[in-house]
Amino acid sequence: MKSMERELRCPVCEEMVKQPIVLPCLHSVCVLCAAEVLVQRGYPPPELPPEPNTPTSSPNTRSPRQARRPPPKTDRLDRVLRTVCGTYPGRRRKDTPVLIMMFPCPTCRCDVELGERGLMDCLRNLTLERIVERYRHTVSLGSMAVMCQFCKPPQTLEATKGCADCRANFCNECFKLYHPWGTPRAQHEHILPTHCFRPKVLVCVEHEQERLQFYCRSCQRLLCALCKLRRVHSGHKVMPIAQAHQALKDKITKEMNYVLANQEMVQAQITQVESAIAQTEVNSAVAKEQLNQCVSELRGVLAERQGALAKTIEGARAQRAEALNSQLSEKQSLLENAGLLTYTQELLKETDQPCFVQAARITHNRLVNAIDNLQHFSLTADPSFRHYHMDVSRELKLLCSMDFIQAPLAPVIDTQKTLAYDQLYLCWRLPQDSAPAWHYSVEYQRKVGGAGPSPWQRLEEVGGTSAVIDRLEMDSVYVLRVRGCNKAGYGEYSEEVYLHTPPAPVLSFCLDSRWGLHAERIALGKGQTYARSVPGLTLLQAADRALTSCHLTSDLLVADVSVTQGRHYWVCSVEPGSYLVKVGVGLEAKLQEWFHLPQDMASPRYDPDSGHDSGAEDAQDCPPPFCFLTMGMGKILLPKSASSNASSAPLTAPLPPRLGVCLDFEKGRVTFYDAHSLRVLWEGTVDCSAPICPAFCFIGGGALQLQELIANRSTEHTPPRRVTIQSRATNLSN
């Protein structure tokens with residue numbers, strides 16, 4: 001029982017809790033300590049009402065000697081609560097402005113909102129009080145004796161019993177005198193002598209005569225029958241207190257049994273923490289020795305800085321030792337006969353269901369966190385002191401700013417250059433005020449739905465600020481992160497970036513310039529992956545002579561490869577300022593036939609836009625020979641589907657920076673994607689009875705760029721080393 005004392009201490013006064021209340025964060029503190037903290041924070045207490053000179057009870061229930069006694073402590077407790085909360089009988093609420101009080105919880109180290117009524121809304125932790133009383137009587141703490149309140153002085157005897165109904169302490173003779181047989185007082189509940197009388201059951205803080213009979217899972221609060229009917233709990237999951245009691249008790253029992261069954265793991269982790277504490281001491285001594293050696297070489301200039309740096313190391317050592325000692329204490333509390341489990345066993349002995357539910361929630365949360373830390377164990381502090389090595393090669397003019405070397409800051413991912421195509425290409429940069437990095441470590445992980453994530457893969461010693469990752473699964477989501485490394489060790493990870501690989505193998509091709517390319521209107525770039533269309537001289541001369549309207553010319557570009565089977569994917573970028581550009585696929589023979597028509601006589605009905613306006617009316621059952629998506633002036637036109645209303649107008653969407661096209665030759669379907677997020681924009685059909693070619697059509701000025709394969713990019717640094725990171729997580733259900 002003595003090892004449980006840490007669980008029974010108030011985090012404010014560091015003593016055994018007295019009259020504990022449960023804060024909204026589920027931690028317990030002494031009510032008087034909480035009141036003092038609120039007063040210290042500047043919440044001005046209103047004037048106290050006058051002390052009552054006469055008892056409020058009737059003479060039939062209290063003796064004259066009781067009337068002359070000072071008010072019991074529970075009355076003083078109520079006055080303290082009213083002092084802090086500002087609510088008195090007969091005082092109207094509108095006399096004072098509404099004040100929302102914030103209490104600094106020392107356990108969770110955050111401000112907790114108490115509401116308008118302050119501490120009056122906090123329930124007393126009766127279960128914790130009972131455990132404290134059992135603890136005091138078990139370990140025989142040297143507390144003051146409780147004297148009988150009804151013996152005549154100076155022969156006052158020590159009390160042997162307390163009456164929960166009379167709220168007073170009695171010796172054996174006085175108890176028999178004031179509780180005679182055959183009277184209602186004989187049925188009073190007698191308890192152990194105490195200085196603090198508590199209510200027999202928990203009652204609602206708003207409806208003082210109503211017992212707490214329900215538990216709201218949505219609000220995580222105990223409710224009475226009247227609170228349950230409020231509108232604020234409509235639609236919430238409200239259950240009877242007996243059901244909540246049994247469910248929470250079963251969970252805590254299961255969690256405690258799990259911890260008891262893994263005592264070897266707890267002991268192993270305690271040994272590891274103890275070893276880390278020893279390593280911290282040794283490594284801190286080594287760091288101090290190296291610091292003294294470096295400072296001795298520059299004694300004349302560094303005398304003033306030496307003390308400051310030594311204090312920094314000492315502070316880091318103390319902070320890490322404190323963190324590791326705290327972790328060691330937490331791990332020791334999980335031993336079979338240690339504080340938390342002993343306290344939990346005592347908690348499970350509670351028979352009052354509302355009290356148990358009200359007190360057991362924080363224990364349940366602590367056990368969940370303890371099990372999670374047990375399964376995913378890691379040291380709370382790094383025992384190494386590599387961050388405190390000194391670089392003596394610096395010039396003397398930099399001695400005024402001499403400091404310990406720092407690990408690189410978290411890199412910043414360049415989302416504009418990072419992409420997923422035939423391979424993953426990750427690009428990053430260090431923040432301006434970051435220490436330089438010798439090399440980088442890139443980690444990536446494939447997300448698998450339902451089966452859990454795959455192990456992390458790592459590229460070690462990446463020399464530049466970019467990395468290429470190959471051997472990927474198609475149509476999968478990968479998570480990537482990167483961190484830098486120097487003499488001080490590894491820095492923080494960058495923010496994780498998610499990349500979606502293409503849904504099909506990437507098709508590599510160039511633009512074909514052998515189809516009678518109009519040199520005056522279409523210009524191809526180096527490598528034939530870039531094309532720009534400009535109005536030709538013929539169109540300018542025709543526009544100069546025409547006063548009403550003129551036909552625009554259309555120029556067609558196709559790929560130098562054709563598809564005869566399988567699924568293929570490619571990406572292109574259309575310049576937002578383009579007037580009109582069509583991207584899609586078509587039958588190679590039909591494209592040649594259409595290309596050899598007089599370009600200035602192209603009919604609008606033969607405009608190959610997804611087949612819905614290119615003669616598809618004449619053959620309803622046959623798929624069209626072309627499937628194009630039209631875009632221009634920063635917009636993309638999404639054609640109408642066959643099931644939509646013919647009178648409805650087509651939809652438009654913003655032009656994505658990169659447009660993806662996926663052709664399924666066997667199914668005769670073409671899908672257009674936003675290549676950045678792989679979101680489907682539109683899907684159409686095409687005739688695949690003959691070879692299919694990727695095609696591009698320009699009407700007016702515009703430009704288009706094919707996506708270059710990542711594998712074709714030159715890498716100046718050596719290939720990184722691949723490492724698989726094994727996970728040591730343990731499943732609770734096993």
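Student: Where is Glu-7 found, counted along the secondary structure?

Tutor: Glu-7 sits in the segment before strand 1 (20-22); helices (H or I, at least four residues) and strands (E, at least two) are DSSP runs numbered from the N terminus. Please keep in mind that this is a predicted model, where local features need pLDDT of at least 70 and side-chain atom pairs count only at pLDDT 80 or more, while totals for chains, interfaces and linings use all residues. Residues are numbered from 1 along each chain as its sequence is written, and side-chain values use heavy atoms, with hydrogens and water left out.

Student: Why is Glu-7 called buried?

Tutor: Its relative accessible area is 13%. Buried means under 20%, exposed means over 50%, and partly exposed lies in between (1.4 Å probe, protein chains only). Since 13% is under 20%, Glu-7 counts as buried.

Student: What makes the pairing of the Glu-7 and Arg-366 side chains a polar contact?

Tutor: The two side chains come to 2.5 Å. A polar contact is a pair of N or O atoms within 3.5 Å; within protein, one must be able to donate a hydrogen and the other to accept it, and residues adjacent in sequence count only if both atoms are side-chain atoms. The value of 2.5 Å is within 3.5 Å, so the pair qualifies.

Student: Which residues is Glu-7 in contact with, leaving aside its neighbours within four places in sequence?

Tutor: Gly-339, Leu-340, Tyr-343 and Arg-366, where contact means heavy atoms within 4.5 Å.

Student: How do you know that helix 10 is largely enclosed by the rest of the structure?

Tutor: Eight of its nine residues are buried, and therefore the helix is largely enclosed. The buried ones are Gly-339, Leu-340, Leu-341, Thr-342, Tyr-343, Thr-344, Glu-346 and Leu-347.

Student: What makes helix 10 roughly antiparallel to helix 11?

Tutor: The axes of helix 10 (residues 339-347) and helix 11 (residues 353-375) come within 11 Å and cross at roughly 150°. That angle makes helix 10 roughly antiparallel to helix 11, because angles over 145 degrees count as roughly antiparallel, under 35 as roughly parallel, 65 to 115 as roughly perpendicular and the rest as oblique. The axes are lines fitted to C-alpha atoms, for helices over the stretch in contact, and angles run from 0 to 180 degrees between N-to-C directions.

Student: Which residues meet where helix 10 and helix 11 touch?

Tutor: From helix 10 come Leu-340, Leu-341, Tyr-343, Thr-344 and Leu-347, and from helix 11 Phe-356, Ala-359, Ala-360, Thr-363, Arg-366 and Leu-367. By class, the contact has eight nonpolar, two polar and one charged residues. Ala, Val, Leu, Ile, Met, Phe, Trp, Tyr, Cys and Pro count as nonpolar, Asp, Glu, Lys and Arg as charged, and the others, Gly among them, as polar.

Student: Why does Thr-363 count as buried?

Tutor: Thr-363 is found in helix 11, and with 1% relative accessibility it counts as buried. Beyond its neighbours within four places in sequence, Thr-363 is in contact with Tyr-343, Thr-344 and Leu-347.

Student: How do helix 7 and helix 10 cross?

Tutor: The axes of helix 7 (residues 241-261) and helix 10 come within 11 Å and cross at roughly 145°. Ile-252, Met-256, Val-259 and Leu-260 of helix 7 make the contact with Leu-341, Thr-344 and Gln-345 of helix 10. Those residues divide into five nonpolar, two polar and no charged.

Student: What makes Glu-264 exposed?

Tutor: Its relative accessible area of 71% is over 50%, so Glu-264 is exposed. Glu-264 lies in helix 8 (residues 263-297).
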